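Reader: I am new to this structure. Please take me closely through one part of it, the disulfides and the helices they involve.

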Amino acid sequence: RVFGPSRRSGERGLRRPERAEEKREQRPSKKMSGLIPHIKTTPYDKRFPSTNQASHCWNRYNEYVMCLKKTESDEDACKPMRQLALSICPDDWWNKWDEEREEGTFSGVKMTDAAATSGH
């Protein structure tokens with residue numbers, strides 16, 4: 001531990017010494033590879049003002065699925081929407097939802113029109 005001024009000016013307290021490994025460039029995680037590098041996280045959305053962002057996550061993921069539906073599953077065209085969802089949703093959630101979409105059990109936006117598949 002290093003005692004002295006913290007990173008904020010005028011405050012005293014503990015601060016961490018810099019490490020050589022912290023200075024190395026961070027590699028993108030596997031889930032973010034191939035996505036747009038300048039978007040770090042989903043922007044603030046006034047529809048979701050609270051700290052709990054679960055509904056924001058759900059909406060972002062479904063917006064991504066709607067994009068896939070509109071573009072006939074063009075993943076490249078929908079990368080920005082996917083990145084927004086991945087940036088706010090826990091990994092377990094979007095992994096589960098991806099699997100559910102593949103299995104046809106996803107409770108959100110459906111990739112096919114239910115009326116068209118039922119013959120109505």
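Author: This is a predicted model. A search of the whole structure turns up 2 disulfides. Counted along the chain, the bonded cysteines pair in the pattern 1-4, 2-3.

Start with Cys 57 and Cys 89. A disulfide joins them, with 2.0 Å from S to S. The link is right-handed, at 120° about the S-S bond. Cys 57 sits in helix α2, and Cys 89 in the loop between α3 and α4, so this pair ties together parts 32 residues apart in sequence. Cys 57 is buried, at 0% relative accessible area. Cys 89 is buried too, at 5%.

Now take Cys 67 and Cys 78. Their disulfide spans 2.1 Å from S to S. This link is left-handed, with -90° about the S-S bond. Cys 67 belongs to helix α2 and Cys 78 to the loop between α2 and α3, so the pair ties together parts 11 residues apart in sequence. Cys 67 is buried, with a relative accessible area of 15%. Cys 78 also counts as buried, at 0%.

Next, the helices. The axes of α2 (residues 54-70) and α3 (residues 79-88) come within 8 Å and cross at roughly 160°. That angle makes α2 roughly antiparallel to α3. The crossing is left-handed. On the α2 side, the contact is made by His 56, Cys 57, Arg 60, Tyr 61, Glu 63, Tyr 64 and Cys 67. From α3 come Met 81, Arg 82, Leu 84, Ala 85 and Ile 88. These contact residues divide into 8 nonpolar, 1 polar and 3 charged.

How values were computed. Residues are numbered from 1 along each chain as its sequence is written. This is a predicted model: local features need pLDDT of at least 70, side-chain atom pairs count only at pLDDT 80 or more; totals for chains, interfaces and linings use all residues. Side-chain values use heavy atoms; hydrogens and water are left out. Axes are lines fitted to C-alpha atoms, for helices over the stretch in contact, and angles run from 0 to 180 degrees between N-to-C directions. Helices (H or I, at least four residues) and strands (E, at least two) are DSSP runs, numbered from the N terminus. Angles under 35 degrees count as roughly parallel, over 145 as roughly antiparallel, 65 to 115 as roughly perpendicular and the rest as oblique. A crossing is left-handed if the near helix is turned anticlockwise from the far one by less than a right angle, and right-handed if clockwise. Contact means heavy atoms within 4.5 Å. Ala, Val, Leu, Ile, Met, Phe, Trp, Tyr, Cys and Pro count as nonpolar, Asp, Glu, Lys and Arg as charged, and the others, Gly among them, as polar. A disulfide is a pair of cysteine sulfur atoms within 2.5 Å. Buried means under 20% relative accessible area, exposed over 50%, partly exposed in between (1.4 Å probe, protein chains only).
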